[in-house]
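Subject: Structure for your review

Dear colleague,

Please find below the structure that I am handing over to you. My findings follow it.

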Amino acid sequence: MSGTLGAGRLATVDLPNAAPFAIRARLLSPLADGSTLHEPDGLVVIDDTGRLAFVGPASDAEAAGVSRQVLADALDLLPWVVMPGLVDLHAHLPQLPNAGLGAGLDLLTWLDRYIFPLERAFDAATAERVAPLAWRAFAAAGTTTAMVYGAVYEASLDATFRAAESHGIRAIVGKVMMDRITYDPTIDPGAILDQSLDESARLIERWHGADAGRLQYAVTPRFAVSCSAEMLRESASLAAATGAYWQTHVSEDRGEIAEVARLFPEARDYVDVYDRAGGLGARTVLAHGVHLSDRELARLVESGTRVAHCPVSNLFLASGVMPLGRYLEAGLGVGLGSDVAGGPDLSLFSVMRVGFYAQHARQVAGVDRGDGGPVLTPLEWLRLGSLDGARVLGLDDVIGSLEVGKEADMIAIDPAFVAPLQGQAPDDDPADLASRLIFRSHPDMVRAAWVRGRRLDGPGARG
Ligand SMILES: [Zn+2]
């Protein structure tokens, strides 16, 4: 061990790269029973399978059976904070290089100018160059599980998965499917559906469940505007037959909703388009859902379909402000998404901050007419970005919180980065700490990230 902890930007320390290991730190985590774990002087012990063998006060460890040797070898990271790694339910990996560009443009101009050129150029060679950097950027932001859209080309998806395989991040990835609008000039329009299904099926075979489930596949029709009813239906049955996820966008923007109504006149509403395709259910993650009707909301809840809430993107592209509290009260399963590059920032801490502001804006602007539901607290936002995100993916028994038996997907944060004044002591209260991490989040505050106890490249690379 070298350097001095708690010194903020200059702190360096030899962090454990692989399980087994033990860390002494301040612990903050949502728990499955709805409460919050907060241990000012805590210990996490990761066993040789990469699972959490002990989580609790350091003073209780010996009585709980942690050996003196493990205790003596534990790396002391105090006053750093160890938390569960964050779960990003929605991002477009090929778009990352243009994150933060195009503010103020309307959606179609933004797509044409900044997004489609990147996706069109995302061939295997580009993926080999960009994907390793992208996975590192996710980890640097504190994200240890990412559910992303790729581009349309099969070989670029293989390269993206290979990069995730060697980086160590937990990733769910899918090849974008489109048969109504496409940017792949090499493909015969009459053959798009079959080719896209075949490519997706081969990718599922190669990657779905790889590395004991760390890598998974999501069948990914882009959205109803760019997919025929047949493509939506066939893609949903491919997902159902293989156990892969199914991801697409829903009800993001008023213009988009009107276009879907024009293209699918037989459907009752936007959600019904996916319902008729057989796309709803517990393995489905729909991005956005900003403008859902009461009927659509009830149908998503009833079918167990989950939503990735992307408040930064929704404001960057002027799509709207989701009535989050009302959806949660209705029982909808919700987690968070960065939606890069619709959202300029991969950090889910930024997503939480903007999401909080957006809920307040809804209230003060009077747009929710009192039906927006309660505004979440900072600790509730942290839960949304970790354990609730894991629950959306059906992985809440595996990851999402610091609880014994779970896989050690976790991050370490130096709270000196979020202190208003140099040398200011970290907050004692866990709600205050959560508030600082969200409202004063810093791009370098995440100093380490692990998946199954294996340390990820990315955090600390700039600081
Ligand atoms: Zn998106």
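What spacing do the donors of the zinc ion follow along the chain? They follow H-x1-H-x156-H-x89-D. Please bear in mind throughout that this is a predicted model.

**The zinc site**

The four donors are His90 (NE2), His92 (NE2), His249 (NE2) and Asp339 (OD), which coordinate the zinc ion at 2.1 to 2.5 Å. The angles among these four donor atoms run from 83 to 170°, and the site is irregular. Histidine 90 is buried, its relative accessible area being 1%. Histidine 92 is likewise buried, at 4% relative accessibility.

S10 pairs in the parallel sense with strand S9 (residues 215–221), over two bridges. Within this pairing, tyrosine 245 of S10 is the bridge partner of alanine 218. Between S9 and S10 the chain passes through helix H7 (residues 229–242), and this β-α-β crossover is right-handed.

S10 also runs parallel to strand S11 (residues 284–288), to which five bridges join it. Here valine 250 has histidine 288 in S11 as its bridge partner.

**The mixed sheet**

A further point concerns an open sheet of seven strands, with the order S3-S2-S1-S4-S14-S15-S16 and mixed pairing. Its edge strands are strand S3 (52–57) and S16, each of which pairs on one side only. Inside that order, strand S4 (residues 75–84) and S14 run antiparallel and are joined by four bridges. Methionine 83 stands opposite isoleucine 411 in S14.

**Salt bridges**

The structure holds 24 salt bridges. Three of them are set out here, beginning with the pair formed by the side chains of arginine 170 and glutamate 407, at 2.7 Å from N to O. Arginine 170 lies in strand S7 (residues 170–174), and glutamate 407 lies in the loop between helix H15 (387–392) and strand S14 (410–413), so the pair ties together parts that are 237 residues apart in sequence. Both arginine 170 and glutamate 407 are buried.

The side chains of arginine 452 and aspartate 211 also meet in a salt bridge, at 3.6 Å from N to O. This pair links distant parts of the chain, 241 residues apart: arginine 452 is in the loop between strand S15 (446–451) and strand S16 (454–455), and aspartate 211 is in helix H6 (residues 210–213). Arginine 452 is buried, with a relative accessible area of 18%, whereas aspartate 211 is partly exposed at 40%.

Which residues are linked with these in a network of salt bridges? The network comprises Arg51, Arg170, Asp211, Arg214, Glu407, Asp409 and Arg452. Arginine 295 is in helix H10 (residues 294–303) and aspartate 269 is in the loop between helix H8 (254–263) and helix H9 (270–276); they are 26 residues apart, and the pair links distant parts of the chain. In this pair arginine 295 is partly exposed, with a relative accessible area of 27%, and aspartate 269 is buried, with 17%.

**The protein as a whole**

The protein has 16 helices and 16 strands. Its C-alpha atoms fill a box of roughly 65 × 50 × 35 Å, taken along the principal axes. For 463 residues, a compact globule would have a radius of gyration near 23 Å, and the 22 Å of the protein agrees with that value. Of these 463 residues, 59% are buried.

With kind regards

Technical notes: Residues numbered from 1 in each chain as written. Predicted model: local features only at pLDDT ≥ 70, side-chain atom pairs only at ≥ 80, totals over all residues. Heavy atoms only, no water. Salt bridge = Lys/Arg side-chain N within 4 Å of Asp/Glu carboxyl O. Buried < 20%, exposed > 50% of the residue type's maximum accessible area, 1.4 Å probe, protein only. Pairing = 2+ DSSP bridges. Right-handed = clockwise from strand over helix to strand, strands pointing away. Donors = N, O, S within 2.8 Å, 3.2 Å for Na, K, Ca; no water. Tetrahedral: all angles 85-135°; square planar, octahedral: opposite > 155°, others 65-115°. Rg over C-alpha atoms; globule rule 2.2 N^0.38 Å.
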